[in-house]
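This report describes the fold, the packing and selected side-chain contacts of one protein chain. The sequence and the model come first, and the text then starts from a single residue.

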Amino acid sequence: MGWLPAQGRLAAGLLVNLAASICIVFLNKWLYVRLGFPNLSLTLVHFAITWLGLYLCQALGAFSPKSLQPAQVLPLALSFCGFVVFTNLSLQSNTIGTYQLAKAMTTPVIVVIQSVAYGKTFPLRIKLTLVPITLGVFLNSYYDVKFSVLGMAFATLGVLVTSLYQVHELQVNSMQLLYYQAPMSSAMLLFIIPFFEPVFGEGGIFGPWTLSAVIMVLLSGIIAFMVNLSIYWIIGNTSPVTYNMFGHFKFCITLLGGCLLFKDPLSVNQGLGILCTLFGILAYTHFKLSEQESNKSKLVQRP
């Protein structure tokens, strides 16, 4: 996009991420609900296409791989594999609204993990924002007429594994980390899939799928790669405020799309839960960004 002016590149990058992030949710839900495509197998397709895409990107000079030891990447690859699988299982088993709101619980869980396991302290105002987030998720789940115990179990596991994944840090960017994680996570799934899903025959990854089904599965993998690639670009070319506010916008659009496309029922109490959670997320983002700006100012003022 070098031929575009700066504002045009920014708009194009945000538009690609918006379209890809929303399409991947709706397309995956359609593959699970309408086609009955196996969950773990679809995740494997995503990992494989992501790795191939990253291999092409590094070959074209988009980023430089950083040497990492397998022992460093293995725990992250395991948790990466777990959080993607459980998040997809949550999407398969829950309404899109419940799926989206459940992911918001990652923030409170990360705060708890960092406080208990790493002794990190958070200001009271940050802790208070976790109350409306948690309350909103509870309200939405409690009044969801399509509530599924199994779906909530998957959502809970997804939140826990995602939180554990996000508190681990290596001195690499997201592209460099994914370059090693994707093939390692693919290998894990190759070993696991035969124990949980059919491989050949009806309902298996190599089953008698129609050409249109195969195209949609491959398209889902390409879109998943585009989500990762566009997030990397946005983080590198926008401010934290833009990135976070854009994330909240996608959150709202995805919720609306779930109601319109999949006819997910939405009661008044669920609506209150969504607003409550959104208020908590916005407040948390505001306070965290203010804290970061304050820390930057203190560093600049030091002699």
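## A serine in helix α8

S186 sits in helix α8. The model is a predicted one. With a relative accessibility of 9%, S186 falls under the 20% limit and therefore counts as buried. Setting aside residues up to four places away in sequence, S186 touches L44, F47 and A48.

## Overall make-up

The chain contains eleven helices and zero strands. Its pattern along the sequence is accordingly α-α-α-α-α-α-α-α-α-α-α. Of the 303 residues in the chain, 47% are buried.

Among contacts with a separation of 6 or more, 86% are between residues 24 or more positions apart.

## Annotated transmembrane regions

An unreviewed UniProt entry lists "transmembrane region" for residues 12–32, 44–61, 73–91, 97–117, 149–165, 177–196 and 208–235. Two of these spans are described here. Residues 12–32 are 100% helix and 0% strand in the model, with 30 Å between the end C-alpha atoms. Residues 97–117 are 90% helix and 0% strand, and their end C-alpha atoms lie 31 Å apart.

## Nonpolar cores

The largest nonpolar core holds 53 residues, and V25, L54, F80 and L189 have the most contacts inside it. Two or more residues come from each of α1 (6–35), α2 (39–59), α3 (70–93), α4 (96–103), α7 (149–167), α8 (174–196) and α9 (211–237). Apart from this core lies another, of 20 residues, which includes A104, I133, L278 and Y284.

## F80 and the aromatic pairs

F80 is buried because its relative accessible area is 9%, under the 20% cut-off. Beyond its neighbours within four places in sequence, F80 is in contact with F47, Y165, L178, Q181 and S185. F47 is also among the residues touched by S186.

How many aromatic pairs does the count come to? The count is eleven. One of them is F80 with F83, an edge-to-face pair with 5.6 Å centre to centre and 80° between the planes. Both residues lie in helix α3, three residues apart, which is about one turn of the helix. F83 is buried as well, at a relative accessible area of 18%. The rings of F138 and Y142 have their centres 5.7 Å apart and planes at 25°, so this pair is stacked. F138 and Y142 are both in helix α6, four residues apart, or about one turn of the helix. Y142 is exposed, with a relative accessible area of 57%. Ring pairs also join F47, F80, F83 and Y165 into a cluster.

## Helix α6

Helix α6 (residues 124–142) has 19 residues, and the distance from its first C-alpha to its last is 28 Å, close to the 27 Å expected at 1.5 Å a residue. Its buried residues are I126, T129, L130, P132, I133, G136, V137, N140 and S141. Seen down the helix axis, the buried residues of α6 fall within an arc of 165°, so they line one face of the helix. L124, L128, V131 and Y142 are exposed on the other side of α6.

An α-helix has 3.6 residues a turn, so residues three or four places apart point the same way.

## P108 and its contacts

P108 belongs to helix α5 (residues 106–118). Its relative accessible area is 8%, so P108 is buried. With neighbours within four places in sequence left aside, P108 is in contact with L130, I133 and T134. P108 and K127 are 8.3 Å apart in space, C-alpha to C-alpha, and 19 residues apart in sequence.

## Helix α2

The 21 residues of α2 should span 30 Å at 1.5 Å a residue, and its end C-alpha atoms are 31 Å apart, which agrees. Of the 21 residues, 15 are buried, so α2 is largely enclosed by the rest of the structure. G61, which follows α2, has a positive phi near 85°.

Key. Residues numbered from 1 in each chain as written. Predicted model: local features only at pLDDT ≥ 70, side-chain atom pairs only at ≥ 80, totals over all residues. Heavy atoms only, no water. Expected span 1.5 Å × (residues − 1). Buried < 20%, exposed > 50% of the residue type's maximum accessible area, 1.4 Å probe, protein only. Arc of directions from axis to C-beta. Core = buried A, V, L, I, M, F, W, Y, C linked by side-chain atoms within 4.5 Å. Contact = heavy atoms within 4.5 Å. Phe/Tyr/Trp six-rings, centres within 6.5 Å; stacked < 30°, edge-to-face > 60°. UniProt positions renumbered as here; feature names shortened; annotations may be inferred.
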